[in-house]
Amino acid sequence: MGCIPSKVAENKHMSLEVAEDKSHKGTLHSEEVTETKLKPGHEDFSALASETPFTASEVETLKELFQKLSSSIVKDGFIQKEELYFALFRNSNKRNLFLDRMFDLFDVNGSGQIEFGEFVRSLSVFHPKASEAVKIKYAFKLYDLRHTGYIEREELKEMVQAILVESDLVLSDDVVETIVGKTFVEADSKGDGRIDLEEWKEYVGKNPSVLKNMTLPYLMDITQAFPSFVLNAETEESHL
């Protein structure tokens, strides 16, 4: 989930929209992708292709990638959290709240590991053809750290800090508080001290760049993008 860090720190009037712009990690053709379709299921390439924007051949390519990632540390056929970190940082011990949340959302059944079906269905949310409604709901879950169905101020602050760290940006506590405060005031239209899904949709509608990190452009043609990644991973592994 590629990240292009930005070194440009903004002034104290930055909003969450601006902070998110600094982190490009990117994240079904089905216009309406239901919760059911995001649950682990059959690994048949055609079945997965029918539920996502991916073609059967692209799902097959994803299987290659999945097999490479799932065997980078423990060869058990599942992607462990350490393997995700190793794939991104070449370091299985590095931790980041943003990536922790991504792993949790990919791990739909809460087993502590990512199965192939979960991998494909969750990755499809970040496809350029995935509907905005799906991306909005997924981003909401990303910020709902306590799984309460609401985004609270402290949760928003924690995620903003994680995004800034992932973007290699260092801002003072005062600036972070300004970002969080400005965002929360704008998003909490009901004024009840928390952001529900309806308010989140309204906020994103006014600040569409918040969803920038929910799209990975290279997923449009993974048969070209991923083989080089897999090949590079094999080369690196051979030198370990």
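**Briefing: helices, core and ring contacts**

His147 is placed in the loop between H7 and strand S1 (151-152). The model described here is predicted. The protein chain holds eleven helices and two strands. Of its 240 residues, 48% count as buried. The largest nonpolar core has 58 residues, and it draws at least three residues from each of domain 1 (55-130) and domain 2 (131-212).

- Phi of His147 is near 60°, a positive value in a residue other than glycine.
- His147 has a relative accessibility of 61%, so it counts as exposed; the cut-off for exposed is over 50%.

**Overall layout**

- Along the sequence, the protein chain follows the pattern α-α-α-α-α-α-α-β-α-α-β-α-α.
- An unreviewed UniProt entry places the feature "domain: EF-hand" at residues 94-129, 131-166 and 175-210.
- Residues 131-166 are 72% helix and 6% strand. The end C-alpha atoms of this span lie 26 Å apart.
- Residues 175-210 are 64% helix and 6% strand. Here the end C-alpha atoms are 18 Å apart.

**The largest nonpolar core**

- Phe119, Phe126 and Trp200 have the most contacts inside the largest nonpolar core.
- Helix H7 (residues 132-143) gives this core its largest share, seven residues.
- Setting aside neighbours within four places in sequence, Phe119 is in contact with Leu62, Leu65, Phe66, Leu69, Ile79, Phe106 and Ile114.

**Helix H6**

- Helix H6 spans residues 116-124 and is mostly covered. Nine of its nine residues are buried.

**Phe66 in helix H3**

- Phe66 lies in helix H3.
- The relative accessible area of Phe66 is 3%, and Phe66 is buried.
- Beyond residues up to four places away in sequence, Phe66 touches Gly77, Phe78, Ile79, Ile114, Glu115, Phe116 and Phe119.
- Phe66 and Phe78 are twelve residues apart along the chain. Their C-alpha atoms are separated by 8.1 Å.

**Lys63 in helix H3**

- Lys63 also lies in helix H3.
- Lys63 has a relative accessible area of 18%, so it is buried; the limit for buried is under 20%.
- The charged end of Lys63 sits over the ring of Phe116, 4.5 Å from the ring centre.
- Lys63 and Phe116 are 53 residues apart in sequence. Their C-alpha atoms are 7.2 Å apart in space.
- Leaving out residues up to four places away in sequence, Lys63 touches Glu43, Phe45 and Phe116.

- The whole structure contains nine aromatic pairs.
- The ring centres of Tyr143 and Trp200 are 5.3 Å apart and the planes stand at 45°, so this pair is tilted.
- Tyr143 lies in helix H7 and Trp200 in helix H10 (residues 197-206), so the pair ties together parts that are 57 residues apart in sequence.
- Tyr143 and Trp200 are both buried.
- Ring pairs also link a cluster of Phe45, Phe66, Phe106, Phe116, Phe119, Phe126 and Tyr138.
- The charged end of Arg194 sits over the ring of Tyr150, 3.6 Å from the ring centre.

**Leu197 in helix H10**

- Leu197 is placed in helix H10.
- Its relative accessible area is 26%, so Leu197 is partly exposed.
- Setting aside neighbours within four places in sequence, Leu197 is in contact with Lys137 and Phe140.
- Leu197 and Ile136 are 61 residues apart in sequence. In space they are 8.7 Å apart, C-alpha to C-alpha.

Notes
Residues numbered from 1 in each chain as written. Predicted model: local features only at pLDDT ≥ 70, side-chain atom pairs only at ≥ 80, totals over all residues. Heavy atoms only, no water. Core = buried A, V, L, I, M, F, W, Y, C linked by side-chain atoms within 4.5 Å. Buried < 20%, exposed > 50% of the residue type's maximum accessible area, 1.4 Å probe, protein only. Helix = DSSP H or I, 4+ residues; strand = E, 2+ residues; numbered from the N terminus. Domains from an automatic or database assignment. Contact = heavy atoms within 4.5 Å. Phe/Tyr/Trp six-rings, centres within 6.5 Å; stacked < 30°, edge-to-face > 60°. Lys NZ or Arg CZ within 6 Å of the ring centre and 35° of its normal. UniProt positions renumbered as here; feature names shortened; annotations may be inferred.
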